[in-house]
Amino acid sequence: MTTNRRDFLAGSLSAAGAAMTPSAPHAHEHQHEHDHQAVPSDATLRVKALESLLVEKGLVDRTALDALVDTYENKIGPRNGARVVARAWVDPAYKARLLADATSAIAELGYVSKQGDRMVALENTPKVHNVIVCTLCSCYPWQVLGLPPVWYKSAPYRSRVVIDPRGVLREFGLELTEDVEVRVWDSTAELRYLVLPERPAGTENLTEEQLAGLVTRDAMVGVAKVAPHRAGGKA
Amino acid sequence: MNGIHDMGGMQDMGPVQYEKNEPVFHARWESRVFAMMIATGAWRKWNLDAFRHTREVLPPAEYLETGYYEQWFSGLRDLLVRRGLVTAAEIESGVPAPDAVKAAPPLTADMIPAALTNRISANRNVLVPPRFKVGQRIRARNINPTGHTRLPRYARGKIGTVHLDHGVFVFPDTNAHFLGENPQHVYSVRFAARELWGEQAAPQDTVYVDMWDDYLEPA
């Protein structure tokens, strides 16, 4: 047991969550370089200390922690949701099932069991544009999109998208005309929403897999449309 | 609680900061906090509502200044001590108490795929009659609970229409405080944007909020 670990744990308790690093989310500017790890930060040491304590007490299994991180860094992400969307685009019967009971339809592809969070799919059309948010915290459809990006959890998005959805979407580069109804879905309960974006014109000859390659995370949150070609730019 | 976390409708938070090609975690410690929260959750000593409330009770300035996983870390330490998995002395010393019996972790690496696809749901298969019907006009109650609630301030007192009945779910306002699950129906309720925000909202736009029976009254 090092003095460091004792000090950092005690410090974290007395500080009760005072900023552990100088880089609060507001510091994550566009194109910010994330090189926090050059020198072990205060946060790194405090978190390590707690992990060691939990492992020593037998409360957590370190390899389980590794597997959890690996799962969310490498296995569960927007590619899962993109496959759901592409399937719905090529298979009208699947699309009907997805819109009627998204939990079961998504489970068909193996991404979520019926015991998990309830899923609801929201279809975008030329006249209806859906966008999702969690104004109270950070609820997000992990099973199909992975963990949410910082902007989705941030105060600007959560506070403004319900009162000024068109203005927020404009910041994402999406201008919606007045004949479109904007529906904002505030995830206040344990329903998780997935936006089914419009299939772009000119993609009639693409395979399901190629279509999945076009579908972005942002389109499935509802802050973007799907472009007919995978362009550079926003993720 | 009318806290800073209930920020729907505030206008002074600045532009959305978008990061291109954002990594899942911005530092290794964030990923360890995330994993520890999931793994300790397997002890079933607390629930998602209780965890959410740990973030809500942070002082407002701190809530805005600290990063997301810092808030998770703070909540994790709080729950570990409050729910008896770790003592405050162990947090202070960094080592297990001399008389502590080593436990067996309920979540092991081989269980991860199953654990992920079988998350404990807040949905309950119990017969509770719904108090409202799809298509019915309702008013969100004007209540100001001092504990955890999922009724956002911007919807209170507003008139909407029941759009969907999602079935029966645990009630966060009691569940977060370990006062029982109080299962009841949850509905998607549709509000005209103008009902919520007045004339500045586009007349055709709408906001859908998920609401429990206890948040609603007939209108």
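# Briefing on a predicted two-chain model

Phe178(B) counts as partly exposed because it has 13 C-beta neighbours inside 10 Å; a residue is buried with 20 or more other C-beta atoms within 10 Å of its own, exposed with 12 or fewer, and partly exposed in between, the C-beta atoms being placed from the backbone. The structure is a predicted model, in which local features need pLDDT of at least 70 and side-chain atom pairs count only at pLDDT 80 or more, while totals for chains, interfaces and linings use all residues. Residues are numbered from 1 along each chain as its sequence is written, and chains are lettered from A and ligands numbered from 1 in the order in which they are written.

**Backbone features in loops of chain B**

- Phe178(B) is not a glycine, yet its phi is positive, at about 60°.
- Phe178(B) is placed in the loop between helix 7 (172-175) and strand 3 (184-192) of chain B; helices (H or I, at least four residues) and strands (E, at least two) are DSSP runs, numbered from the N terminus.
- Arg44(B), also not a glycine, has a positive phi of about 60°, and its place is in the loop between helix 1 and helix 2 of chain B.
- Arg44(B) counts as exposed because it has 10 C-beta neighbours inside 10 Å.
- As background, most residues other than glycine have a negative phi.

**Chain A**

- Chain A contains 12 helices and 4 strands, and 50% of its 235 residues count as buried.
- Of the contacts in chain A between residues at least 6 apart in sequence, 67% join residues at least 24 apart; two residues are in contact if their C-beta atoms, placed from the backbone, lie within 7 Å.
- Strand 2 (residues 128-133) of chain A has 5 of its 6 residues buried, so this strand is largely enclosed by the rest of the structure.
- Trp151(A) belongs to helix 8 (residues 150-153) of chain A and counts as buried because it has 22 C-beta neighbours inside 10 Å.
- Apart from neighbours within four places in sequence, Trp151(A) is in contact with Tyr157(A) and with Val16(B), Gln17(B) and Tyr18(B).

**Interface between the chains**

- The contact between the chains involves 86 residues of chain B and 87 residues of chain A.
- On the chain B side, the elements that give two or more residues include helix 2 (48-56), helix 3 (60-65), strand 2 (159-169) and strand 4 (206-212).
- Helix 1 of chain B supplies the largest share of that side, with 10 residues.
- The side of chain B that touches chain A divides by class into 43 nonpolar, 24 polar and 19 charged residues; Ala, Val, Leu, Ile, Met, Phe, Trp, Tyr, Cys and Pro count as nonpolar, Asp, Glu, Lys and Arg as charged, and the others, Gly among them, as polar.

- Strands 2 and 3 of chain A run parallel and are joined by 6 bridges; in strand 3, Val184(A) is the bridge partner of Val131(A).
- Strand 3 (residues 181-186) of chain A and strand 4 of chain B run parallel and are joined by 4 bridges, with Asp186(A) opposite Val209(B).
- Strand 1 (residues 137-140) of chain B runs antiparallel to strand 5 of chain B, with 3 bridges between them, and Arg139(B) stands opposite Glu217(B).

**Helix packing in chain B**

- Helix 1 and helix 4 of chain B pack at an angle of about 35°, their axes 9 Å apart; axes are lines fitted to C-alpha atoms, for helices over the stretch in contact, and angles run from 0 to 180 degrees between N-to-C directions.
- The crossing of helix 1 and helix 4 of chain B is left-handed, a term used if the near helix is turned anticlockwise from the far one by less than a right angle.
- The residues of this contact divide into 9 nonpolar, 1 polar and 1 charged.

**Domains of chain B**

- Chain B is assigned domain 1 (28-117) and domain 2 (137-218), with bounds from an automatic or database domain assignment.
- The centres of domain 1 and domain 2 of chain B, taken over C-alpha atoms, are separated by 29 Å.
- Domain 1 of chain B gives 6 residues to the contact, and domain 2 of chain B gives 5 residues.

Definitions and conventions: Two strands pair if DSSP finds at least two bridges between them.
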